[in-house]
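Colleague: I am new to reading models like this one. Could we go through it by question and answer?

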Amino acid sequence: SRERLEKVRDDLASSQSLCAGVSREQVRSRSYWLYKAALAGDSQSALNFGTGSFIHDDMLGQLEQIPFWRDHAEEMLQRALAGGEVHALQALANAHDPMEPYAMPKLAPDPVAAYAYYTVMSLLPGAQNDLAEYALARLDPQMTDADRDDALARAADICLNELPTICNLPASGAP
């Protein structure tokens with residue numbers, strides 16, 4: 001109908017005005033927009049930027065973005081987690097896990113941080129529990145009592161502050 005066509009034209013004109021001043025380089029750079037949206041508070045964009053999903057979609061087109069992504073991936077994953085994105089847990093756990101060679105991103109090995117993230121994963125409902133339990137059993141022999149206590153305290157902090165509505169802390173208040 002004529003009304004529908006007019007609405008489509010209006011929507012298109014409105015969308016085009018949103019892109020005023022955007023360079024071709026920015027249009028080609030999905031990472032740029034994911035990063036900007038993440039800074040603006042969109043936790044799904046922070047997760048997508050942090051995991052580097054945009055790189056997989058267009059490996060050759062995103063080569064120039066990889067150094068910037070590496071510099072900001074952990075920060076964006078932390079933002080995603082703070083926004084309640086539970087998938088950021090696995091990305092952060094794998095990224096810090098010294099025994100996870102294919103993680104994206106790959107961050108400085110930190111078994112305590114990895115143990116903390118895997119612990120939180122184990123406290124959430126869903127399919128990630130088996131993966132988390134396996135990773136915890138694999139990392140546990142490397143942990144000192146102090147490391148384990150630190151990791152469990154971090155896990156409790158994440159549960160209480162980032163994921164309070166879905167994290168099932170044991171009755172004692174610590175994982």
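Colleague: Is Trp33 buried, partly exposed or exposed?

Modeller: This is a predicted model, where local features need pLDDT of at least 70, side-chain atom pairs count only at pLDDT 80 or more, and totals for chains, interfaces and linings use all residues. Residues are numbered from 1 along each chain as its sequence is written, and side-chain values use heavy atoms, with hydrogens and water left out. Buried means under 20% relative accessible area, exposed means over 50%, and partly exposed lies in between (1.4 Å probe, protein chains only). Trp33 has a relative accessible area of 38%, so Trp33 is partly exposed.

Colleague: What kind of aromatic pair do Tyr32 and Trp33 form?

Modeller: Rings of Phe, Tyr and Trp (its six-membered ring) pair if their centres lie within 6.5 Å; planes under 30 degrees apart count as stacked, over 60 as edge-to-face and the rest as tilted. By this rule there are four aromatic pairs. The ring centres of Tyr32 and Trp33 are 4.7 Å apart and the planes stand at 90 degrees, so the pair is edge-to-face.

Colleague: Which helices hold Phe49 and Phe68, which also form an aromatic pair?

Modeller: The rings of Phe49 and Phe68 are 6.1 Å apart centre to centre, with 80 degrees between the planes, and the pair is edge-to-face. Helices are DSSP runs (H or I, at least four residues) and strands are runs of E (at least two), numbered from the N terminus. The pair links distant parts of the chain, 19 residues apart: Phe49 is in helix H4 and Phe68 in helix H6.

Colleague: Is Phe49 buried or exposed?

Modeller: Phe49 belongs to a cluster that ring pairs build from Tyr35, Phe49 and Phe68. Phe68 has a relative accessible area of 33% and is partly exposed. For Phe49 the relative accessible area is 0%, so Phe49 is buried.

Colleague: How many helices does the protein chain have?

Modeller: Along the sequence, the pattern reads α-α-α-α-α-α-α-α-α-α. The protein chain has zero strands, and its helices number 10.

Colleague: Where on helix H10 do its buried residues lie?

Modeller: The buried residues of H10 are Arg148, Ala151, Ala155, Ala156, Ile158 and Cys159. Seen down the axis, they fall within an arc of 160 degrees (taken from the directions from the helix axis to the C-beta atoms). On the other side of H10, Ala146, Asp149 and Leu160 are exposed. The buried residues of H10 therefore line one face of the helix.

Colleague: What covers the buried residues of H10?

Modeller: Contact means heavy atoms within 4.5 Å. The cover includes helix H6 (66–82), helix H7 (87–96) and helix H8 (111–122).
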